[in-house]
Amino acid sequence: MKKQIIYILALVLMVSVFTGCGSKSADNSEDASHEHKEGEEGHEEEGMSELHLSDLKFESLGIKIDALPTRALSDVVEANGQLEVPPQHEATVTAILGANVTSIKVIEGDKVRKGQILAYLAHPNLSSIQSNYVRAYSQLQYLEKEHARQKKLYEENVGSGKTYQQTLADYQTTKGEAKGYEAQLKQLSLNVEKIRQGEIYEQVPVVSPISGYIEKVEVQLGQFVDPQTVMFRVVNTDHIHADLMVFEKDVYKVKKGQKITFTVESVPGATLTADIYSVGKQFEQNPKAVHIHAEIDQKEDFLIPGMYINGRIHTNSREVMALPEDAIIEEEGKPYIFIAESHQEDGETEWAFKPVEIRTGIIDEGWVEIKLLEALPEGTKVAWNNAYYLIGEMKKGDTEHGH
């Protein structure tokens, strides 16, 4: 009996101990759970992804705040090409007859006018052509009078018909001969009237057929040039234009009158504009593309035919919500803009910036179409610039807070 009482007391004591331990363990677990929950809420509060700036810092950074605007943006077709001059404004100057170069009056880059003398040629044959012309012209003058006299006699039945026919034949032959020499002399840019009066030129002037600039000088002093030898190349850059290649997939978007902005590869920072005046109707095979010709609005002095250009053809235009490129930041593959709010803190203005995920569309002249995933409350202001700075400061703040 005494042993049973001892066993019962021992059992009661053990139950009391286990019950107390369990209660304490539960309390500790609940406290730990409560602390953990409070810790999570604090972490959420700390990770709100919001940046606060003082008014002084806001002003120093020059952050622009305004409503989300609408703007007319155009779809853009990318195209590459080069600067060209129409064939009617380029000229190759050749020698009309075989002769030696006795004088060169221009150098590459010189501006010349139509008819200006570029060089002189000399050759013994030159004197022969002039002498033959003078002889033929003098003979023509005689035969013209003789033909008129014989015709009158023939019509009055006084002269012989045979004599009249012979005179007419000689007159027409000599006339053709004189005209032939005269045409040659005019091609040589010689003054026919002075040659008729006995003046003989020892040199032939080589003249420019167009106004423009000397692109290339192909001869040297003393060089003998054969007929049709290229001596000079002249180009009129007043008519320089943009020649772009548009690929097959984009041709249907391109039309006469559309605006083009382009840059010149060899002139960094220069952006020019042009208007399409001609769209090609035949595909080049390698690559498969058509030529687009555009008149440049403002022809700068540094534009030279053959320069490579990168163009953007502005096609369909439409009104969309848009912001400057500097207002958009991409983070983990997603684009964001920042909404901005101001409030008073201890009598001073403080700015709060919060990122909002968006989607982007058309990019045109530094502006990007903004597609909202959720409508913004009426009157919401957004940052128009400094997106990279804002996200950087936000990340820096998160990192410091984490430590």
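Reader: Which residues touch the most other members of the largest nonpolar core?
Author: A word on the source before the reply: this is a predicted model. The largest nonpolar core has 36 residues, and Leu121, Met231 and Phe232 are the ones that touch the most other members.

Reader: And which helix gives the most to this core?
Author: That is helix α3, residues 124–155, which contributes six residues.

Reader: How many residues are in the second core?
Author: The second core is separate and holds 27 residues, among them Ile240, Leu244, Val246 and Leu272.

Reader: Let me step back. How many helices and strands are there in the protein?
Author: The protein has six helices and 22 strands. It comprises 403 residues, of which 34% are buried.

Reader: What share of the contacts comes from residues 24 or more positions apart?
Author: Among contacts with a separation of 6 or more, such residues account for 72%.

Reader: Now the sheets. In what order do the strands of the four-stranded open sheet run?
Author: The order is β8-β7-β5-β10, with antiparallel pairing. At the edges are β8 (204–207) and β10 (224–225), each of which pairs on one side only.

Reader: How many bridges join β7 to β8?
Author: Four bridges join them, and the two strands run antiparallel. Within this pairing, Tyr120 is opposite Pro205 in β8.

Reader: I would like to look at β16 next. How many bridges join it to β12?
Author: Seven bridges join β12 (residues 241–247) to β16 (residues 288–296), and the strands run antiparallel. Asp243 stands opposite His293 in β16. Strand β14, residues 271–279, also pairs with β16, over five bridges and in the antiparallel sense. There, Asp275 stands opposite Glu295 in β16.

Reader: And what do β15 and β16 form?
Author: They form a hairpin with two residues between them. Strand β15 (residues 284–285) is joined to β16 by two bridges, again antiparallel. Gln285 has Lys288 as its bridge partner in β16.

Reader: Staying with rings, how many aromatic pairs does the structure hold?
Author: There are four aromatic pairs. In one of them, the ring centres of Phe58 and Phe353 are 6.3 Å apart and the planes are at 25°, so this pair counts as stacked.

Reader: Why does that pair tie together parts so far along the sequence?
Author: Phe58 belongs to helix α2 (residues 55–61) and Phe353 to strand β20 (residues 348–364), so the pair ties together parts that are 295 residues apart in sequence.

Reader: Are those two rings' residues buried or exposed, and which residues form the cluster with them?
Author: Phe58 and Phe353 are both buried. Together with Trp351 they form one aromatic cluster.

Reader: What is Thr315 in contact with, leaving aside its neighbours within four places?
Author: Its contacts are Ser74, Asp75, Val76, Val77, Lys253 and Gln258.

Reader: Last one: which residues have a positive phi although they are not glycine?
Author: Glu332, at about 55°, and Asn386, at about 60°, are examples. Most residues other than glycine have a negative phi.

Reader: Where do they lie?
Author: Glu332 lies in the loop between β18 (329–331) and β19 (334–345), and it is exposed, with a relative accessible area of 76%. Asn386 is in the loop between β22 (381–383) and α6 (387–402).

Key. Residues are numbered from 1 along each chain as its sequence is written. This is a predicted model: local features need pLDDT of at least 70, side-chain atom pairs count only at pLDDT 80 or more; totals for chains, interfaces and linings use all residues. Side-chain values use heavy atoms; hydrogens and water are left out. A nonpolar core is a set of buried Ala, Val, Leu, Ile, Met, Phe, Trp, Tyr and Cys residues joined through side-chain atoms within 4.5 Å. Buried means under 20% relative accessible area, exposed over 50%, partly exposed in between (1.4 Å probe, protein chains only). Contact means heavy atoms within 4.5 Å. Rings of Phe, Tyr and Trp (its six-membered ring) pair if their centres lie within 6.5 Å; planes under 30 degrees apart count as stacked, over 60 as edge-to-face and the rest as tilted. Two strands pair if DSSP finds at least two bridges between them.
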